[in-house]
Amino acid sequence: MILTTGTFGNGLIHIGRMNHPGGRISEPNSTGLSEQLKEYGFIYGRMKTGTPARLDGRTIDFNVLEEQKGDEEIIGFSFMDIRLPKEQRSCYITYTNEKTHQILARGFKDSPLYTGKIKGIGPRYCPSIEDKIVTFANRKQHQLFLEPEGWKTNEYYINGFSSSLSAEIQYEALKSIKGLEDVKIFRPGYAIEYDYFPPTQLKYTLETKEIANLYFAGQINGTTGYEEAAAQGIMAGINAHLKIREKEAFILRRDESYIGVLIDDLVNKGVDEPYRMFTSRAEYRILLRQDNADERLTERSFIIGLASEDRMHKMEDKLRKKEKLITALKKYSIEPKIINGFLRRMKTSEIKQKGKLIDLVLRPEIKLEKLLKYLDNKIGEEIIDVEREKESIEIAEIEIKYNGYIKREALIAEKIRRLEDIAIDSKVDYDKMHAISTEAKQKLKRIRPLTIGQASRISGVSPSDINIILLYLGR
Ligand SMILES: Cc1cc2nc3c(=O)[nH]c(=O)nc-3n(C[C@H](O)[C@H](O)[C@H](O)COP(=O)(O)OP(=O)(O)OC[C@H]3O[C@@H](n4cnc5c(N)ncnc54)[C@H](O)[C@@H]3O)c2cc1C
């Protein structure tokens, strides 16, 4: 059984002074489960999240707003995906202003956050608008994005305006914003508190330590968002299936995938606030790229019977082409008189002697695709079909250009492991370490870890933060 109760476990919705049980707006919550699990020895706590109002697009004056178009080059979510959308809907940008802030401030006296009604810990990275105007009191405006919710709806999501103030205050504040003077709303924003189960009660497979064959996945484990929930859902699903079939568990490592980082962080470090996956949490983030996701994971997925043979072949073919290209670039040298015209055009220095092509690709100004086109799709005897091998060319280029960084990253990760027992002076001044993240700073100051090993296990303290502390300690 996989339990994925999201925000529904004893969910309590807050809008101003009003609150009522609910899992999401207009949906009932789920009661009794948490209490029953407690009887089996589980512990659970409360977290909070929130959402902005939904606006009626027919009442927004888009003419006075700044348009934000989608990406020009649309890239598929999957390498197998050939059905890319042809059209995209735009988002629009607007801003709060001093009047908006004054109206919102009038609602504080009835705010569940400031009257202490909300006990759960909220997400650091999507604060409510009232949080923002208090934390950044000197800011005269905050940027907001108006995002269409779909093709066949007038509904707009106002990103950056999450709020649990009363509906009247939200409505009045919205109307003070440029482009929203006549706005109508479908639903006000709200905050929701819900039960979560500290994920240190889980194994790497997301099976609970307490009860065999029971798995927890998603927001119930103290994570914040869609991707974190989806990642855990698939891992719990895979592992539940493998267990029924009495097969070996499927665990992804930290240097293999963000899923590996996420689950390792959850089960080892636990959470003390809603957990959001950030690239900075991964010590191997240069290895964990979007362009090589298939290279990292297709075979693992194929072995357990998930990825199709077709997908596996496609990936192998791409890798073969990449290898062929890198080998050719390493092998062939080029005469200055042939290449210098191109180098000048790319605004990079000319070469004086015959040089290896791969050294030119290392230069940031040189794009491999352009170089290949310039060479008429030929490297020595190798013919490269630039139009049809775009993906292989892209990964070859990234691999060549990133090689130095990848090695450095692996060294740093290794160094952090070796320096596990280094003591940290209990009076060390974290405020002086400007380069560490605010989240890390707050937690280090509160917890005061005694060793580098202990510091590295604090949720929110990333490998790059650790590297900075090491530098500060003269290591
Ligand atoms: C209002 C709001 C706005 C959000 N906005 C964003 C956002 O912009 N970006 C982002 O990344 N994340 C956002 N999130 C978070 C994101 O929606 C969740 O993190 C994610 O959906 C969690 O997935 P989940 O599968 O854990 O649970 P959910 O998606 O919450 O699903 C839980 C499911 O379990 C069912 N359920 C619960 N209890 C029981 C029971 N006892 N019996 C049977 N069924 C039950 C519920 O009906 C529901 O279908 C938002 C969440 C909320 C509430």
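Modeller: N239 belongs to helix α5 (residues 226–244); helices (H or I, at least four residues) and strands (E, at least two) are DSSP runs, numbered from the N terminus. The model is a predicted one, in which local features need pLDDT of at least 70 and side-chain atom pairs count only at pLDDT 80 or more, while totals for chains, interfaces and linings use all residues. Residues are numbered from 1 along each chain as its sequence is written, and side-chain values use heavy atoms, with hydrogens and water left out.

The relative accessible area of N239 is 3%, so this residue is buried. Here buried stands for under 20% relative accessible area, exposed for over 50%, and partly exposed for what lies in between (1.4 Å probe, protein chains only). When residues up to four places away in sequence are not counted, N239 touches T205, Y215, A249 and F250; a contact requires heavy atoms within 4.5 Å.

With a relative accessible area of 23%, L297 is partly exposed. Its contacts are with L252, E256 and S257, again not counting residues up to four places away in sequence. From L297 to I60 the C-alpha distance is 44 Å, and 237 residues separate the two in sequence.

The setting of these residues is as follows. The protein has 475 residues, and buried residues make up 46% of them. Its secondary structure comes to 15 helices and 16 strands, and the C-alpha trace spans about 75 × 60 × 50 Å along its principal axes. Among contacts with a separation of 6 or more, 69% join residues 24 or more positions apart. The accessible surface is about 25700 Å², and carbon and sulfur atoms account for 52% of it; such areas come from the Shrake-Rupley method with a 1.4 Å probe, and for residues only the protein chains shown count as cover.

The interior can be described through its nonpolar cores, each being a set of buried Ala, Val, Leu, Ile, Met, Phe, Trp, Tyr and Cys residues joined through side-chain atoms within 4.5 Å. The largest has 26 residues, of which L325, L329, L357, L368, L371 and I379 touch the most other members. At least two residues of this core come from each of α8 (309–331), α9 (336–345), α10 (357–361), α11 (368–374) and α12 (390–418). L357 touches L329, Y332, S333, I334, L371, L375 and I379, leaving aside residues up to four places away in sequence. Another core, of 22 residues, lies apart from the largest one and includes I133, L146, A173 and L174.

Strand β4 (residues 45–51) is mostly covered, with five of its seven residues buried. It pairs with strand β11 (residues 190–196) in the antiparallel sense over seven bridges, where pairing requires that DSSP finds at least two bridges between two strands. Within this pair, T49 stands opposite I192 of β11.

Across the whole structure there are nine aromatic pairs, where rings of Phe, Tyr and Trp (its six-membered ring) pair if their centres lie within 6.5 Å, with planes under 30 degrees apart counted as stacked, over 60 as edge-to-face and the rest as tilted. The pair of F62 and Y156 is tilted, because the ring centres are 5.2 Å apart and the planes stand at 45 degrees. F62 lies in the loop between β5 (54–56) and β6 (66–68) and Y156 in strand β9 (residues 155–159), so the pair ties together parts that are 94 residues apart in sequence. Y156 is buried, at a relative accessible area of 5%. F108 and Y114 form a tilted aromatic pair, at 4.9 Å centre to centre and 40 degrees between the planes; Y114 is partly exposed, with a relative accessible area of 36%. One aromatic cluster is formed by F42, Y44, F197 and F216.

Two residues other than glycine show a positive phi. K347, in the loop between α9 and β14 (355–356), has a phi near 60 degrees and is exposed, with a relative accessible area of 72%. D376, in the loop between α11 and β15 (378–379), has a phi of about 65 degrees and counts as exposed at 58% relative accessibility.
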